[in-house]
Amino acid sequence: MVEKRKPMPVEDAVRAVMKQTLAAETEMLPLAEAHGRMLAEDLTADHDVPPFNKSPYDGFAVRSEDTTGAGRDRPVTLTVAGEIGAGSVFPRPVEKGEVVRIMTGAEIPAGCDAVVMLELVKELGSDAIELKREIKHHDNISFQGEDAKKGTVLVEKGTFINPGISALLATFGFAQVSVAKKPRVGIIATGSELLEAGEPLEPGKIRNSNAYMAIAQVERAGGEAVYFGKFNDDFDDCLQATTEALQVVDALITTGGVSVGDYDYMPAIFESLGADVMFNKVAMRPGSVTTVAAAGSKVLFGLSGNPSACYVGFELFVRPLMRTAMKSSRPHLKKQSAFLAMDFPKANPFTRFVRASSYVEDGKVYVKPAGLDKSGSVTSIAGADVFIVLPGGTRGYEKGMKVDTLLLEDTEGSEWPWSSIVPSYR
Ligand SMILES: Nc1nc2c(c(=O)[nH]1)N[C@H]1C(S)=C(S)[C@@H](COP(=O)(O)OP(=O)(O)OC[C@H]3O[C@@H](n4cnc5c(N)ncnc54)[C@H](O)[C@@H]3O)O[C@H]1N2
Ligand code: MOO
């Protein structure tokens with residue numbers, strides 16, 4: 001009789017994994033290569049942005065007091081003292097009665113306190129302009145420091161470097177930035193039934209989808225995936241492969257062979273490696289057989305062979321540990337509320353993570369299973385952009401109920417055109 005495993009609540013299992021620490025080294029990267037990484041240090045603004053008062057328009061920099069009283073019937077004439085484009089500085093203070101022709105981005109000359117757009121000015125040759133309106137103090141100026149002030153923390157350690165962060169770092173002159181190294185995560189697929197994608201199908205065999213899925217998941221999470229190949233259900237071969245792989249990675253994922261069948265060797269292999277098994281059953285579906293062990297500073301993730309279970313196991317356990325090693329301050333999948341688009345009548349003692357697709361209707365986000373809701377299903381993973389989290393211990397869930405979902409990735413977006421509905425208070 002096989003020993004019955006005690007399921008650990010999924011929250012406790014995630015917590016146990018997060019107590020481990022993967023090697024978390026940092027490296028300096030040129031800014032152009034740093035996007036997609038996590039910043040490993042707080043970065044502070046060492047100057048204001050904009051660094052000087054500048055013109056947001058092509059036009060004329062003026063002294064607003066010179067326009068006092070100007071109107072349609074009382075034009076004022078001002079002398080053009082010179083011209084500056086972006087990147088140039090006017091060499092002297094501007095005096096009473098003078099204006100400077102100025103281009104977008106150029107520094108407001110000393111003495112001027114406003115800008116008037118080119119279109120609102122009548123040019124009298126190249127030496128003078130006529131204005132038929134009053135220009136107010138501080139009209140049309142992008143002020144020094146209005147975007148960011150010197151001394152503020154611009155970006156905190158653990159921030160994901162997206163294109164906006166790249167722009168910010170460039171603005172403040174961070175040509176090199178300290179980022180977390182990509183964790184190296186190894187992948188081993190086990191199962192005598194497995195064929196690789198390039199091999200023709202044979203009786204009793206299936207193709208190995210987990211390895212390619214896991215490679216993609218590791219890379220989507222920002223890590224470096226190292227695929228060691230697939231191995232038959234042979235204790236010695238799998239032990240050797242696991243031992244060798246563990247030497248060169250920070251964490252190792254194995255798929256398959258973690259249940260209680262005659263050829264499910266992975267738990268015994270983890271023990272042979274001297275690893276400390278944290279849990280070998282989790283109160284979740286799919287992925288109840290997920291087995292995680294600590295091997296010194298490395299972590300072994302024995303994920304299920306069933307593709308959906310393997311996928312869920314990765315996103316719940318491997319990803320957050322990787323993201324923590326990458327210095328992320330928010331390593332877990334992002335949570336968002338949604339409404340069930342259909343009934344889930346199945347009672348389940350375990351928390352379910354339904355691979356689902358989300359859509360918006362009448363301003364509300366709805367979620368529905370993305371395919372066959374079984375542990376062995378591949379189609380449900382292919383179409384999923386969220387997990388619906390259905391806590392266990394209920395008699396099921398009904399259409400319309402509000403639930404938590406975990407976001408898996410950016411969706412492709414919508415079709416053009418966007419809605420042209422103008423928001424209103426009515
Ligand atoms: N008597 C019991 N049987 C099973 C139990 C149990 O508690 N008692 N648990 C079931 C659950 S739940 C799951 S999940 C599976 C887990 O099995 P393993 O993780 O040990 O995985 P395998 O048996 O090796 O394979 C399961 C399934 O997945 C296919 N597979 C394996 N590797 C891949 C791959 N790389 N790509 C695609 N598909 C793969 C394999 O052919 C099997 O069909 O155990 C249940 N049984
Ligand atoms: O619990 Mo098994 O892990 O997928 O269905």
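Which residues are around ligand 2? They are Arg-285, Pro-286, Gly-287, Ser-288, Val-289, Ser-304, Asn-306, Ala-309 and Ser-375, where a residue counts as near if its C-beta atom, placed from the backbone, lies within 6 Å. This is a predicted model, in which local features need pLDDT of at least 70, side-chain atom pairs count only at pLDDT 80 or more, and totals for chains, interfaces and linings use all residues. Residues are numbered from 1 along each chain as its sequence is written, while chains are lettered from A and ligands numbered from 1 in the order in which they are written.

**Ligand 2**
- The shell holds three nonpolar, five polar and one charged residues (Ala, Val, Leu, Ile, Met, Phe, Trp, Tyr, Cys and Pro count as nonpolar, Asp, Glu, Lys and Arg as charged, the others, Gly among them, as polar).

**Helices H1 and H6**
- Helices are DSSP runs (H or I, at least four residues), numbered from the N terminus.
- H1 (residues 10-18) packs with H6 (residues 307-325) at an angle of about 35°, the axes being 9 Å apart (axes are lines fitted to C-alpha atoms over the stretch in contact, and angles run from 0 to 180 degrees between N-to-C directions).
- From H1, Val-14, Val-17 and Met-18 meet Leu-316, Phe-317, Pro-320, Leu-321 and Thr-324 of H6 (contact: C-beta atoms, placed from the backbone, within 7 Å).
- The residues of this contact are seven nonpolar, one polar and no charged.

**Nonpolar cores**
- A core is a set of buried Ala, Val, Leu, Ile, Met, Phe, Trp, Tyr and Cys residues joined through C-beta atoms within 7 Å; buried means 20 or more other C-beta atoms within 10 Å of the residue's own, with C-beta atoms placed from the backbone.
- The largest core has 80 residues, and its largest share, 11 residues, comes from H6.
- A second, separate core of 21 residues includes Val-99, Ile-108, Val-115 and Ile-135.

Key
Helix = DSSP H or I, 4+ residues; strand = E, 2+ residues; numbered from the N terminus. Contact = placed C-beta atoms within 7 Å. Buried ≥ 20, exposed ≤ 12 C-beta atoms within 10 Å, placed from the backbone.
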